[in-house]
Each structure stands twice: as C-alpha cells, then as structure tokens.
Amino acid sequence: MTFSAADHAAMARALTLARRGLETTTPNPRVGCVIVKNGQIIGEGWHQRAGEAHAEVLALRQAGDAASGATAFVTLEPCSHHGRTPPCADALITAGISRVVAAMSDPNPVVAGRGLERLRANGIETACGLLEAEARELNIGFISRMTRGRPWVRLKAASSIDGKTALHNGVSQWITGAAARQDGHRWRARACAILTGIGTVKADDPQLTVRDVPCTRQPQRVLIDAKLEIAPEARILQGAPLLIATAEVDPVKSAWLRDAGHRLLVLPNASGKVDLPRLMTELGQLGFNEIHVEAGLKLNGSLLREGCVDELLLYLAPMLIGDNAQGIFNLAELTQLDKAIRLDIQDIRRIGDDFRVLARTRQT
C-alpha cells in the first residue's frame, strides 16, 4: 500500500491528537482522528476518557454534513462492537465517509479486523499500516494487555553513574536533579498504576502520587506487601484506596485495611511471597495497560528475574557514590556473560544535568 505525503501529514496530526489522551484514556487506547476533504481538514477529535465519545465520533461532529465523501485518518482501527459507546465503524458509514486509513488494526479480539471489514462491506475504501510503528508505541500497554493478558511494565530508577540509588545508610535525596524528577512524574502520570514494595514504604514513606506536573487522573497505587507489614500511619494509605498484593491474610490487619476502603489481592507463591507473574495477570484483568514501578533493589531484582519487566526507565546522575552504596537490582552473581539480562536501548537523552536511558528487556 502506497501512501501520499498528504496521507502521512494527516496521520501524523491524528497521532498528535491521540497523545492528548496520554494520561486519561485508561483502560481504553489513545486514539486520534482527522477527517480530510479536498485537501483540507474538516474535522478532528481524540478519545479523552473511557465512556466518553471516541475520536471518530468527535471528528464527525466537527465535520458535520461535509464528512460525506471525505477521508478519515484514525490511529486505531474503528471499533465494530457495542461497548460503553456504539461502534465507530457504523458512525463512519452513516456519515458517508468514502475512505478510512488506519494506522494499525485493533488488537482487541472483539475487533481484530472486523471494523475494517464492516467498512469494506459497505463500500468504503480502507487502508491500514500508515505510521503503524508510532501508533503501536503510543498504545504499547493496551497492545500488551490485549495480546499477552498483562500490562506493559516500566521500571523506573534514579541512580549515580555507577548504578547506586542510595548511600549505604539509606540517604538518597536527591541523586538526580529537579528536571529529572519532574520528568519522572510525567511518566507516572501516563501510567494506569504505580507499583512499589513494602521495603520502599518503610524506608521512604512515599505518597506515590503525581505532583510535579499537571494531572487530572491519579494512577492507581499498588503495594506489594507479602506479610501485611504496612503501618497505619504510612502516607501511601492516605487519599485514594490502595491495591495491596499480599501472600498471607492477617485477619485483624486485613479487616482494618478493607474497612478503610483498600483492596487486597491474596497471591501467594510456593515461597510464601507474592506471585509476581500472577499479579501482572490480575492487573491486566483489572484493565491496567501500563504499570510504572518505583521500588527498591530487592523487588526490582525479583521483577526482573521473574520476567515481569518490559522496559527500564533509568535516570543517571553524573556522580560516583562507591561500592558500598545500594544498587538498583538485587540479582544473583553470574559466572557466564551469556546469562546476563540483555537490553535494547530505545532512547538516551539529557534531562537537566542527568541522563535518561529507556531500554527494553530482550525477553519482551
């Protein structure tokens, strides 16, 4: 399929619109739509929140009667099923759209090509695959949940250039600068949930909320606490209810946590700890697309060892702390390099005085 320069420009605009819903569409995908007629954009829209109008419907409303005979560029195949809203494919057919270009097919099994098939069956020309790589990156978590049954897990850590996250005595504020910390909050904001462990709660007493950037939707906070050691005064228990993954149920603690509105997932493994792969499946079933992890070296290491990490978001400060300081991951000593966890670097850039590295595990 050959696409013109005008087609590329229209889809690029649709992707720009889709990114406006980066922090708000969960559990739905981020989708943008542009309607073009006679070389001019006559309608635009992007999906903002689950339950609200989809991108195609908003663009059609703006285009009005002029949509008849126009081309619709949409970053994800139009839906063909009734969910909280009617099928977008039907809306495009009713409006008289003559051509639909999708960046990618919908990985949702209830759609999976059926939207484009319905359009073709009604005489509408269709094309798919324009700027697909960009569209897939935008919805990497939604794709993961639809195809693997689990969210995309991004593990964030801030360290010195020699890979240390805190001094031996636990002091860690601040290794990286204000710009890097603000950038980290942007990544928090796009996630469906922020996950940490009880060790981090004990050591740092974090709020685990988005604060340094504008945010209209706080991500769900998830705590891994195998023995329910959380203290009643912990700041993470304040505000919106917490989702707590545990391995055992203390009747007294469970009662007061549930009475306070918090939800418990009891997921023990054979070692009496939380079954991490099963937790990821549970989070997927709850509709979480992207999980943002901010934890200590023990949980970070466990998540990596058990194949639960897809991507690393590492902020590296230009300083050296020394061997006795705390590291990023608690991983077993290797005797062969071919046993190392290999990474594919996606992006390296400077953020203030620090460097941000985005890398993916090759198991992904």
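Me: Where is leucine 228 found?

Reply: The model shown here is a predicted one. Going by the elements on either side of the residue, leucine 228 is found in the loop between E9 and strand E10 (243-246).

Me: Is leucine 228 buried or exposed?

Reply: A residue counts as buried when its relative accessible area is under 20%. Leucine 228 has a relative accessibility of 0%, and therefore it counts as buried.

Me: What is the phi of leucine 228?

Reply: Most residues other than glycine have a negative phi. Leucine 228 is not a glycine, and yet its phi is positive, at about 50°.

Me: Where is leucine 131 found, and what is its phi?

Reply: Leucine 131 is found in the loop between strand E5 (125-128) and helix H5 (132-138). This residue, too, is other than glycine and has a positive phi, with a value near 55°.

Me: Which residues does a cis peptide bond join, and what is omega there?

Reply: Most peptide bonds are trans. The place to look is the loop between helix H1 (5-18) and strand E1 (32-37), where proline 27 has its place. A cis peptide bond joins threonine 26 and proline 27, and omega is about 5°.

Me: At which residues does the UniProt record place a "binding site" that includes His54, and what is the largest C-alpha distance among them?

Reply: The unreviewed UniProt entry places this "binding site" feature at His54, Cys79 and Cys88. These positions are spread over 35 residues of sequence, but they cluster in space, and their largest C-alpha distance is 9.3 Å.

Me: Where do histidine 54 and cysteine 79 lie, and which residues is cysteine 79 in contact with?

Reply: Histidine 54 has its place in the loop between strand E2 (40-46) and helix H2 (55-63), while cysteine 79 is found in the loop between strand E3 (71-74) and H3. Cysteine 79 counts as buried, because its relative accessibility is 8%. Leaving aside neighbours within four places in sequence, cysteine 79 is in contact with His54, Pro86, Pro87, Cys88, Ala89 and Val111.

Me: At what angle do helix H3 and helix H4 pack, and are they roughly parallel or roughly antiparallel?

Reply: Two packed helices are described by the angle between their axes and the distance between the axes. Helix H3 (residues 88-95) and helix H4 (residues 114-121) have axes 9 Å apart and pack at an angle of about 20°. Angles under 35 degrees count as roughly parallel, and H3 and H4 are therefore roughly parallel to each other.

Me: Which residues of H3 and H4 meet, and how do they divide into nonpolar, polar and charged?

Reply: From H3, Ala89, Asp90, Leu92 and Ile93 meet Gly115, Arg118 and Leu119 of H4. The residues of this contact divide into four nonpolar, one polar and two charged.

Me: Is arginine 188 buried or exposed, and which residues does it touch?

Reply: Arginine 188 lies in helix H7 (residues 178-190), and because its relative accessible area is 8%, it is buried. The unreviewed UniProt entry places a "binding site" feature at Ser172, Arg188, Leu208, Arg211 and Glu294. Not counting residues up to four places away in sequence, arginine 188 touches Ile194, Leu208, Thr209, Val210, Arg211, Pro219, His292 and Glu294.

Me: What is the relative accessible area of arginine 211?

Reply: Arginine 211 lies in the loop between helix H8 (198-204) and strand E9 (220-224). Apart from neighbours within four places in sequence, arginine 211 is in contact with His185 and Arg188. The residue is partly exposed, with a relative accessible area of 43%.

Me: Which residues are buried in helix H11, and what covers them?

Reply: In helix H11 (residues 297-305), the buried residues include Leu299, Asn300, Gly301, Ser302, Leu303 and Leu304. What covers the buried residues of H11 includes strand E6 (152-160), strand E8 (193-197), E9, helix H10 (276-285), strand E12 (290-293) and strand E16 (354-361).

Note on methods. Residues are numbered from 1 along each chain as its sequence is written. This is a predicted model: local features need pLDDT of at least 70, side-chain atom pairs count only at pLDDT 80 or more; totals for chains, interfaces and linings use all residues. Side-chain values use heavy atoms; hydrogens and water are left out. Axes are lines fitted to C-alpha atoms, for helices over the stretch in contact, and angles run from 0 to 180 degrees between N-to-C directions. Helices (H or I, at least four residues) and strands (E, at least two) are DSSP runs, numbered from the N terminus. Angles under 35 degrees count as roughly parallel, over 145 as roughly antiparallel, 65 to 115 as roughly perpendicular and the rest as oblique. Contact means heavy atoms within 4.5 Å. Ala, Val, Leu, Ile, Met, Phe, Trp, Tyr, Cys and Pro count as nonpolar, Asp, Glu, Lys and Arg as charged, and the others, Gly among them, as polar. UniProt positions are given in the numbering used here, feature names are shortened, and annotations may be inferred rather than shown by experiment. Buried means under 20% relative accessible area, exposed over 50%, partly exposed in between (1.4 Å probe, protein chains only).
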